[in-house]
Amino acid sequence: YEPPTVWKYRDLLPITGNPVTIYEGGTPLYRCDRLAEKIGVKELYVKHEGLNPTGSFKDRGMTVGVSKAIELGMKTVACASTGNTSASLAIYGAKAGIPAIVLLPEGKVAMGKVAQALMHGAKVLSIRGNFDEALALVRTLCDQEKFYLLNSINPYRLEGQKTIGFEIVDQLGLKVPDRVVLPVGNAGNITAIYKGFKEFRELKITDTVPKMCGIQAEGASPIVQAIKSGAESIIPESNPETIATAIRIGDPVNAKKALNAIRESEGTAETVTDEELVQAQRDLAQLEGIGVEPASATSVAGLRKLVEAGVIGSEETVVCVTTGHLLKDPQEVIDACDRPILVDATIEAIRDVVFPK
Ligand SMILES: Cc1ncc(COP(=O)(O)O)c(/C=C/C(=O)C(=O)O)c1O
C-alpha cells in the first residue's frame with residue numbers, strides 16, 4: 001500500500017493520527033524543452049499543481065489543515081477565498097464530515113471554483129467586497145464563533161504546501177534547482193515552498209536552496225513593489241485588479257514571510273501584464289500540453305520577462321510552479337480564444353474548413 005503522496009513525508013508533518021486525505025500531491029514535474037527553447041533557458045521544468053485532486057496546490061495545505069482541525073476537535077472550518085481555497089476546503093470538509101463556510105468576493109471567482117464549493121456542500125457566501133475584505137470578515141467570524149480558520153495565515157496550511165519543495169528535490173534526483181518561479185497572491189505558497197527547501201537542507205538531504213522568484217499581476221503587486229523599493233513591509237493595494245482573479249489580492253497575509261523568503265534566498269519578484277500571462281497560458285497549453293488557469297501562467301510569463309532582462313541566466317535550471325487547472329476558469333479561455341468554426345454537417349463543409357482555398 002503506497003501512502004498518499006503528501007503523506008509520504010509524514011515524518012516532517014505535524015499530524016500524528018490518520019490524515020484526512022484524498023491522495024493529494026505527487027504531481028508531475030514536466031521537463032519542458034519546447035517552452036525552454038522559446039524562453040531561452042537550457043533546463044526548464046513545470047511542476048503542475050493543477051493535477052491535484054481538486055485542481056490546485058491548495059489540497060496540500062488542506063489535507064494538513066483539516067486533519068489538524070479534526071485533531072483539535074474543531075466543529076466547523078471556514079475561509080475567505082479567491083476560489084481555490086474554498087473549493088479545496090469544501091472538499092476536505094466533506095471528506096472529514098464537518099461543515100465548511102466560505103466567503104467569496106462577489107463576481108470575482110472563476111466558475112469552476114464556485115461550482116466545486118457549492119456541489120461539495122460548503123455554505124457559500126458571496127461578499128459585496130473584495131477578497132481582502134472577505135478575509136477580514138472571516139477572521140472576525142472565526143474569533144467570535146471558534147470556527148477553525150483555514151486561510152494561509154494558518155501555519156498548518158504552509159506545512160502541507162512545503163511538500164512541493166520536497167517533491168521537486170525528489171523528482172530532480174535529490175538536486176536543487178537554481179530557481180523556483182511561482183505566482184504570488186496571499187503569499188503563502190512561496191513561503192511554504194521555501195520552508196520545504198530549507199528543511200531538506202537542515203536535514204542534509206541537500207546542501208542549498210533555490211532562488212525564490214515571486215510573480216504578480218501588474219494590477220495586484222504589493223510584494224513586487226516592496227521588493228523593488230527595498231521596503232521592510234508592503235503597502236497594501238486597495239483596488240487590486242487582474243484577469244487572474246486567483247491572485248487579485250491587495251493585502252497578502254503572508255507578506256512579511258514572503259519578502260523574507262525572496263530576500264534570504266537571493267531571489268527576486270516581477271510583475272506581468274494580463275496580456276503577458278494569457279500568452280504564457282497559451283504557450284504552456286500549446287507547446288507542452290499543460291493546461292493552467294491564468295494566475296498559474298504568471299510563473300512562465302514572469303520567467304520569460306526575467307530571462308529577457310538578464311536577471312535569470314540562460315544556464316540556470318528553473319522550475320515554474322503552475323498552481324491551478326485550466327478548467328477552473330473556462331470563461332477566461334473562451335474569451336481569450338477564437339470561436340469554434342460553425343459548419344454544416346457535410347463532408348464538403350468540413351473539407352472547406354480543413355483545407356481552406
Ligand atoms: C491558482 C492560484 N495560483 C496562485 C495563488 C497564490 O498563492 P498564494 O500566494 O499562496 O496565495 C492562488 C491563491 C488562491 C487563494 O488565495 C485562494 O484560493 O483564496 C491560486 O488559487
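When I say cavity, I mean a set of points on a 1 Å grid over the protein atoms alone where a 1.4 Å probe fits but cannot get out.

Hi everyone. What we have here is a predicted model, where local features need pLDDT of at least 70, side-chain atom pairs count only at pLDDT 80 or more, and totals for chains, interfaces and linings use all residues. Residues are numbered from 1 along each chain as its sequence is written, and side-chain values use heavy atoms, with hydrogens and water left out.

Helices here are DSSP runs of H or I, at least four residues, numbered from the N terminus. Helix 3 (84-96), helix 6 (155-161), helix 8 (188-202) and helix 12 (294-308) each give at least two lining residues, and helix 8 has the largest share, with three. By class, the lining holds 11 nonpolar, 16 polar and three charged residues; Asp, Glu, Lys and Arg count as charged, and Gly is among the polar ones.

Now, where does the ligand sit? In the largest cavity, by the criterion that more than half of its atoms lie within 2 Å of the grid points. Around the ligand are 22 residues, each with a heavy atom within 4 Å, and the closest are Thr-85, Gly-185, Asn-186, Asn-189 and Thr-323. Helix 3 and helix 8 each supply at least two residues of this shell, which divides into eight nonpolar, 12 polar and two charged.

Finally, the polar contacts, which are pairs of N or O atoms within 3.5 Å. Ligand oxygen atoms lie 2.8 Å from a backbone N or O atom of Thr-85, 3.2 Å from a polar backbone atom of Gly-188, and 3.4 Å from a side-chain N or O atom of Lys-58. Taken alone, the ligand exposes 470 Å², and the protein buries 99% of that, using Shrake-Rupley areas with a 1.4 Å probe.

Note on methods
A polar contact is a pair of N or O atoms within 3.5 Å; within protein, one must be able to donate a hydrogen and the other to accept it, and residues adjacent in sequence count only if both atoms are side-chain atoms. On a 1 Å grid over the protein atoms alone, a cavity is a set of points where a 1.4 Å probe fits but cannot get out, and a pocket is an open set with protein on both sides within 12 Å along at least five of seven lines; lining residues have an atom within 4 Å of a point.
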